[in-house]
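Biologist: I'd like to learn how to read cavities and cores in a model. Can you walk me through it?

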Amino acid sequence: MNLKIAALAFCVFLNFSTTENYRHMKEEDTIIAVIDSRIDSEHELLEGRCMKGSSFLLDENAKDPECHGTAVAGAALKYADITSKFFLRDKSDVVILPIEIDVMDTQTDYGYILSQTIRFAVDSGADVINMSFSSTAPNSRVYDEIRYGMEKGVIFVSAAGNSGYGTYSFPASYEGVVSVGSCSLTGDGRWRKSDFSNSNDKVDLVFQGENMLLPSNSTLALKTGTSFSAGALSGIIAELISEFPQIEHEHILYALYDTAASLEEKGCGYGAVNISKAAEYLSIYKSAGIPPSYYESREDTSSQENFDSSDFKVSAGKSRIISVNDKKINFYGNTSGTAGASNWENVLKAYAGSGNVAAIDIRGNAMASGHNLFNRNILRSWVNVKSLSLSENFTAGLTNDGSVYVTDFLENMTSGWKDITQIDCGSHHLAALDSDGRVFTAGYNAYGQMDTYGWKNIRYISAGKKNTYGIDSEGRVLAAGDNFYNQCQTDGWKDIVKIAAGDGFVAGLKSNGTVVAKGRNISGTCNVEDLKNIVFIDASDTYLVAVDENMNMFIKGKLR
C-alpha cells in the first residue's frame, strides 16, 4: 500500500474515534460540513458555531497562511445569518462541521482522502457539504461517495474555479454537485460574471465573490474567489433547510435555481442567487403544495389532421443543439470543445451531450468528442450501432441486433439485455425498451426514476434527469421518478406519439402535430400552445426543441 494512504488510514481511525462536539448539538440543527484547510473555531465570528470536526491531514504541521477554510466557513455563516433575517430572525442556528484537509495531499492519493472526508461528513449528519477547491481530473472513487451522500439527501456545493475560462473543474463539475461561480454588481445594478470565474455548462449558480469581508486570522480581510461564493451559497441553502424542514433538500435547491436572476454571459447557469425570491417561492410552496414555477399547457383539440412523427431530426444537449446536413454536423449554441466533431465526415446521426458530442457514421461506427468524463467518449470498438444516448456520466449505444453498449460508469449492468429496440439516458440511469414492450433500467435509482416494474405494452420511452416516461400502445403516458413539479401526473394525456423529458418538465407530441407540456416552467419551457404541425421533439435540462413538417426549429426555454 502507498505509504501516504497507509498514514491517512491511521489518521482516519484516530479521528473517527473522537467525535466529541465543541458545542451541544440540537436535533434540529442544520449542519454545513466544510472540507477545507483548518477552521479557526475560536474566531469571534465562528466561536460557539462549530462542531468538533476531524483532521485528514497527512502532516499535522501543515499551515494555511491564507486562512482559506476559516474564510469559507465565515462566508457560510455570514450568509446564513443574512438569510435568517428574511424570516425575522437575527441569527441563524446553522453550524459548521470542520473537516481539515491539505488540498495538495488530495492531488496524488487517487481520491482516497477526499472520498473519506465525504463519507465522514455524510455519516456525521451533514445537510450541506462545501468543497471550495478544484482539480482538473475526475475520480470515480470520489463520485461514488458523492452519490452516497446524494441518496441520503445531502446537498453538495463546490467552487467553479478561478481560471476565467470554460474549463471543467472537479468536484464542481460532477453531476449532482452545485457548481458556483462568482459575480458582482455593475454601476447600473446588473449582475455580471467576475472575470476570473470559470464559465461552462456545468455552472449552476453565481453569487457575489469579490472583496467579501470575511474572517482571517484573528481579524477580518477582503477575500475574492469562487471559493467564497460557494461558501456563501452553502450558508444560504442551509438556512433555507432550517426554515423549511418539511421540504426535501433537493427541492429547496431548485427554489434557488428557479428564482435566480439571469445573466447575459454564457456559462452562468441559472444566474445570480436571489435570497428574497427564493424565500418567497418556498413559502408559497409550503402553503399551496405546488411550486410557483409549475405550469400545465392547454391542450389544442382543434386540429384533426394526423402528422407522421419523425424518429430523429435534432439532438438537444445541455448548451447546444446539433443536427446533420450533408453528412456533416451543424451546431446551434455553444460550440466549445467540438472542434474534432466539426471535421467528422459521413455522419448519419449526431447527438449532443453535456460537454461532449457523439455520432454514428454511415458504416455504423460510433465516435465521440469533448470532455471525456469517466471515459464516456471511448467508443472505439462500437460497431453496427443503430443509435446512441448521452448522459453526463456515460454513453450508451444500441446495436442493430438489439444489444447495448455502455461506457465505464454502467459497466456490466446491461450484459443480459436482448432484443432492445430503444434506449435513452438520464443523469444516473439508462432506460431500455425491448421488442415485447417491457422497460429495463440500469444505474443508480436516486429519485425512483428506475421504478418501471410492471410497465407493459410500452412502445416509446424517454429518460430525463430524474424521470423515466413510457408511452403505451393506447397513447397513454406512464411516469416514474421525482414529482416535485407534478411532472409525473400525466394520467390525462392521450394520443401521445413521442415524449421528451427535461429537468422537472415533460412534453408530449400528439398525433395531430400539437404539443402538451407540464412541470417546471422556467423561461417558458412549457408554453407550447403555439406549436403546430410538429413532427419531432427533444429536450435537455432547461429547454424543449420542436421541429415542424417544414423543418423549422422552435426552442422553448433557455440553453445553459
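Modeller: Let's begin with naming: helices (H or I, at least four residues) and strands (E, at least two) are DSSP runs, numbered from the N terminus. This is a predicted model: local features need pLDDT of at least 70, side-chain atom pairs count only at pLDDT 80 or more, and totals for chains, interfaces and linings use all residues. Residues are numbered from 1 along each chain as its sequence is written, and side-chain values use heavy atoms, with hydrogens and water left out.

Biologist: Which element gives the largest share of the lining of the largest cavity?

Modeller: Rolling a probe the size of a water molecule over the atoms shows where empty space is left. A cavity is a set of points on a 1 Å grid over the protein atoms alone where a 1.4 Å probe fits but cannot get out; lining residues have an atom within 4 Å of a point. Here α7 gives that largest share, 4 residues. In total 23 residues line this cavity, with E175, G176, D204, Y257 and K465 nearest its centre.

Biologist: And how do I read a core?

Modeller: In soluble globular proteins, nonpolar side chains tend to be buried together. A nonpolar core is a set of buried Ala, Val, Leu, Ile, Met, Phe, Trp, Tyr and Cys residues joined through side-chain atoms within 4.5 Å, where buried means under 20% relative accessible area (1.4 Å probe, protein chains only). The largest one has 53 residues, and L233 is among those touching the most other members. Helix α6 (residues 226-243) gives the most to this core, 9 residues. Apart from this core lies another, of 47 residues, including F56 and Y168.

Terms used:
Buried means under 20% relative accessible area, exposed over 50%, partly exposed in between (1.4 Å probe, protein chains only). On a 1 Å grid over the protein atoms alone, a cavity is a set of points where a 1.4 Å probe fits but cannot get out, and a pocket is an open set with protein on both sides within 12 Å along at least five of seven lines; lining residues have an atom within 4 Å of a point.
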